[in-house]
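My plan is to look things up one by one and jot down what turns up.

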Amino acid sequence: MGKSTEWRVRLVLTEEDGTTRARVELDTGSRALTGRGRARRDPDDPDVPVIGDELAAGRALKDLAGQLIRLADRDLAGAGVAPPPRERPTVYGWANEPA
């Protein structure tokens, strides 16, 4: 029979003055991590609160995911196993060159 583990996650969203903030808390039983994210609505944009919720929550979860990966990398290094190499993200856009 395989191993089963349950981690508790709590996500809290707050909105004030066009800014939505998200806090996601993860309790593994031995560690507690908190991810944060926010989204700000431009005053000229339509007021659709669910969009701010989705962006802020997604950003908080992404922050939490990054923390978990870095924690796992440190644990791997502590166990004498080098973390896998990470690819650098490809950045698109115009180069910022002097005129």
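Below are my notes, starting with the overall layout and moving on to the core, the surface and the salt bridges.

**Layout.** I'm working with a predicted model. I looked up the secondary structure and found one helix and three strands in the protein chain. Going along the sequence, I read the order as β-β-β-α. Then I checked burial: 20% of the 99 residues count as buried.

**Core.** Which residues make up the largest nonpolar core? I listed nine: A22, V24, L26, L33, A39, A56, A60, L64 and L71. Helix 1 is the top contributor, with four residues.

**Positive patch.** Next I turned to the surface. R21, R38, R40, R59 and K62 come together there as a patch of positive charge. Two elements give two or more residues to this patch: strand 3 (32–40) and helix 1 (49–78). I also looked up R21 and found it in strand 2, which covers residues 19–27. Is R21 buried, exposed or partly exposed? I put R21 down as partly exposed, because its relative accessibility is 44% and that class lies between 20% and 50%.

**Nonpolar patch.** I found a surface patch of another kind, nonpolar, made by V48, V50, I51 and L55 and covering about 310 Å². V48 sits in the loop between strand 3 and helix 1. With 35% relative accessibility, V48 counts as partly exposed.

**Salt bridges.** How many salt bridges are there? My count is five.

- I noted E6 and R8, whose side chains meet at 3.1 Å, N to O; both residues are exposed.
- I noted R31 with D75, where the closest N and O atoms are 3.1 Å apart. R31 is in the loop between strand 2 and strand 3 while D75 is in helix 1, so this pair ties together parts 44 residues apart in sequence. R31 counts as partly exposed at 37% relative accessibility, and D75 is partly exposed at 37% too.
- I noted R41 and D47, which meet at 3.8 Å, N to O. R41 is partly exposed at 31% relative accessibility, whereas D47 is exposed, with a relative accessible area of 58%.
- I noted a network as well: R10, R23 and E25 are joined by salt bridges that share partners.

Conventions: Residues numbered from 1 in each chain as written. Predicted model: local features only at pLDDT ≥ 70, side-chain atom pairs only at ≥ 80, totals over all residues. Heavy atoms only, no water. Patch = residues over 30% accessible without salt bridge, like charges linked within 9 Å, V, L, I, M, F, W, Y side chains within 5 Å. Areas by Shrake-Rupley, 256 points an atom, 1.4 Å probe, with all protein chains shown as cover. Salt bridge = Lys/Arg side-chain N within 4 Å of Asp/Glu carboxyl O. Lys, Arg positive; Asp, Glu negative; His and termini not counted. Charge placed at Lys NZ, Arg CZ, Asp CG, Glu CD. Buried < 20%, exposed > 50% of the residue type's maximum accessible area, 1.4 Å probe, protein only. Core = buried A, V, L, I, M, F, W, Y, C linked by side-chain atoms within 4.5 Å.
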